[in-house]
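Let's take a friendly walk through a protein structure, one piece at a time. Keep the picture open beside you as you read.

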Amino acid sequence: MMLKVSTALVRSSMVALVALMMGACDRSPLTTEESAVVATLALGALPALPSDPSNIYADNKDVAAFGKKLFGDTRLSLNGKVACATCHLPERQFQDDKPLAVAVGTGVRRTMPLAGVAWGPWFFWDGRKDSQWSQALGPLEDQVEHGSDRTTLVFTIATHYRQTYETLFGPLTDLPAVAVAASPVGTIAARRAWDALTPAERTAINRGFANIGKAIAAHGRTLKPEMTRFDRFAASHAQGNSAPDNARFTQQEIAGLKLFLGKGSCTNCHSGPRLTDDHFHNTGMPAVPGLPPDGGRATVLKAIGADPFNCLGAFSDATPDQCGELRFMSQDRHALTRAYKPPSLRRVSSRPPYMHAGQFPTLDAVIAHYASAPRAPAGHSELKPLDLSDQDRQALVAFLKTLEP
Amino acid sequence: MTRRRILLSVLALIIAVGGTLAFKMFRPAPTGTDFARTRATANGLYTVAIAPEKEPFVRDALHSWIVTVKNKTGSPVEKATIDVGGGMPQHGHGLPTAPKMTAELGQGRYRVEGVKFSMFGWWEFSFAIKAPPGNDTVVFNLKL
């Protein structure tokens with residue numbers, strides 16, 4: 001009798017369980033809590049582009065058009081062969097598919113994609129710049145990127161774009177009598193030449209240089225994230241799953257999404273509609289043999305405060321109360337050692353290699369790293385080991401591939 | 001062991017595993033965590049109340065809080081300095097920004113600027129108060 005009751009109980013329970021699971025799948029593949037988080041990750045949750053009070057030209061279309069020209073102009077480089085677009089290839093999500101950027105020389109970091117970066121408060125992997133226009137200035141004077149100097153750059157603008165520049169920004173006056181390679185951050189010769197300039201000449205050069213950055217930034221603000229399969233899924237899911245076929249997820253993609261939200265803890269850092277929290281995390285990324293030691297965010301904290309092109313500097317258009325991110329930035333060197341900004345995961349599957357120095361060639365390798373959670377080369381990794389089966393790993397990759405148009 | 005016991009064990013396991021996963025997925029603060037926004041300091045020198053300067057505040061954007069400090073008899077505490085800290089105990093990290101007390105507003109009220117909570121979940125938000133009655137600390141719990 002007992003056996004019969006138990007058998008019946010087992011059968012009816014299993015049928016109920018299966019029916020419950022199937023019913024759940026039919027109605028909604030996600031729990032209420034998961035659905036709520038999915039809604040925060042979808043492109044529909046992206047707020048309007050925040051203003052950039054440090055750049056009064058940020059939303060000026062003529063300045064953006066000028067910036068687009070500068071973005072592709074190789075004359076803004078030491079060898080006449082490098083433009084922003086050399087590494088930020090427009091047809092490749094504004095990145096270059098290489099582990100380390102190659103321009104005048106080879107850099108020490110991976111080129112970052114640009115779609116949607118104007119929504120973030122910090123720029124570069126280590127966030128060493130607090131505005132998009134100030135970010136644009138860095139590579140121009142970096143010896144392995146454009147390899148130029150601010151004085152040569154402003155003279156290049158005066159030679160090739162004087163009329164456009166002066167229409168947009170006003171007269172280019174107080175320049176030195178003759179073009180000279182001069183900058184406070186360049187070679188020894190360039191620094192000496194900079195010291196020999198008058199204060200008025202230095203200010204004029206710095207202002208012209210800042211305006212180059214403001215124009216490139218105005219163009220950069222037009223690069224927005226694209227709608228992806230995930231966004232279509234999220235939108236239809238929010239409407240009760242009356243989805244068009246192309247918004248449906250496979251069971252594997254649903255499983256990957258659930259892991260992304262749950263066991264994988266991915267949304268700890270990849271949150272919000274750009275799938276980044278815009279802050280800095282040590283995730284134990286391996287050091288790359290042959291590259292100089294890289295302390296991440298911790299090593300740039302002083303430079304951010306001293307940067308003449310930061311939000312509080314003389315070339316910013318913001319008032320101090322509009323510079324909150326800079327005024328209240330964390331100075332915790334220990335927590336920020338080898339901490340880097342999580343990049344947006346939008347379109348991530350079509351742009352390997354991954355991480356700040358292109359350490360991992362595939363998403364499988366990335367997930368293997370997060371699962372094993374190795375010790376950080378310096379500082380303290382935030383990761384904890386994850387028990388992910390092969391099936392889990394494949395599901396996560398399948399989900400990440402839904403972040404494509 | 002009967003089949004019923006096996007079944008009950010399996011169901012219990014499913015519930016336990018499911019519960020554990022749900023717990024890990026959206027981990028709440030430990031049961032009994034006090035989310036009150038008015039609390040006594042650790043050594044009882046002050047009663048501190050906190051409130052966002054503007055409601056509703058945007059979790060992942062910089063915003064300000066007003067911290068109101070009263071002494072044991074309920075009188076406002078003037079001329080205090082307040083250091084701000086906090087973090088996510090379950091994630092082992094601090095606040096993403098470095099909020100600061102930027103103004104004394106009178107009536108024991110102080111403005112703390114530069115606050116941002118970069119994740120959903122349980123946050124601690126702590127204040128170290130220095131004022132003539134002495135130094136004391138208080139930790140609030142926030143659920144975001």
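How many residues lie between β8(B) and β9(B) in the hairpin that they form? There are 2 residues between these strands. Before going further, please keep in mind that you are looking at a predicted model.

Strand β8 of chain B covers residues 122-131, and strand β9 of chain B covers residues 134-143. You can find some of the facing residues yourself: Phe125(B) sits opposite Phe140(B) of β9(B), and Ala128(B) has Thr137(B) in β9(B) as its bridge partner. In general, strands of a sheet pair through backbone hydrogen bonds, and the pairing can be parallel or antiparallel.

Next, turn to chain A and look at two helices. A pair of packed helices is described by the angle between their axes and by the distance between those axes. Here, helix α2 of chain A (residues 32-41) packs against helix α10 of chain A (residues 229-238) at an angle of about 130°, and their axes are 10 Å apart. Angles over 145 degrees would count as roughly antiparallel and 65 to 115 as roughly perpendicular, and α2(A) and α10(A) are therefore oblique to each other. The crossing of α2(A) past α10(A) is left-handed. On the α2(A) side, the contact is made by Ser35(A), Val38(A), Ala39(A) and Leu41(A), while α10(A) brings Ala234(A), His237(A) and Ala238(A). By class, the residues of this contact are 5 nonpolar and 2 polar, with no charged ones.

Finally, step back to chain A as a whole. Its domain assignment gives domain 1, made of 32-49 + 226-291 + 337-400, and domain 2, which is 61-220. The centres of these two domains of chain A, taken over C-alpha atoms, are 32 Å apart. Where they touch, 18 residues of domain 1 of chain A are in contact with 21 residues of domain 2 of chain A. The domain 1 side of that contact has 8 nonpolar, 3 polar and 7 charged residues.

Key
Residues numbered from 1 in each chain as written. Chains lettered and ligands numbered in written order. Predicted model: local features only at pLDDT ≥ 70, side-chain atom pairs only at ≥ 80, totals over all residues. Domains from an automatic or database assignment. Contact = placed C-beta atoms within 7 Å. Nonpolar A, V, L, I, M, F, W, Y, C, P; charged D, E, K, R; others polar. Axes fitted to C-alpha atoms, helices over the stretch in contact; angles between N-to-C directions. Helix = DSSP H or I, 4+ residues; strand = E, 2+ residues; numbered from the N terminus. Parallel < 35°, antiparallel > 145°, perpendicular 65-115°, else oblique. Left-handed = near helix turned anticlockwise from the far one by under 90°. Pairing = 2+ DSSP bridges.
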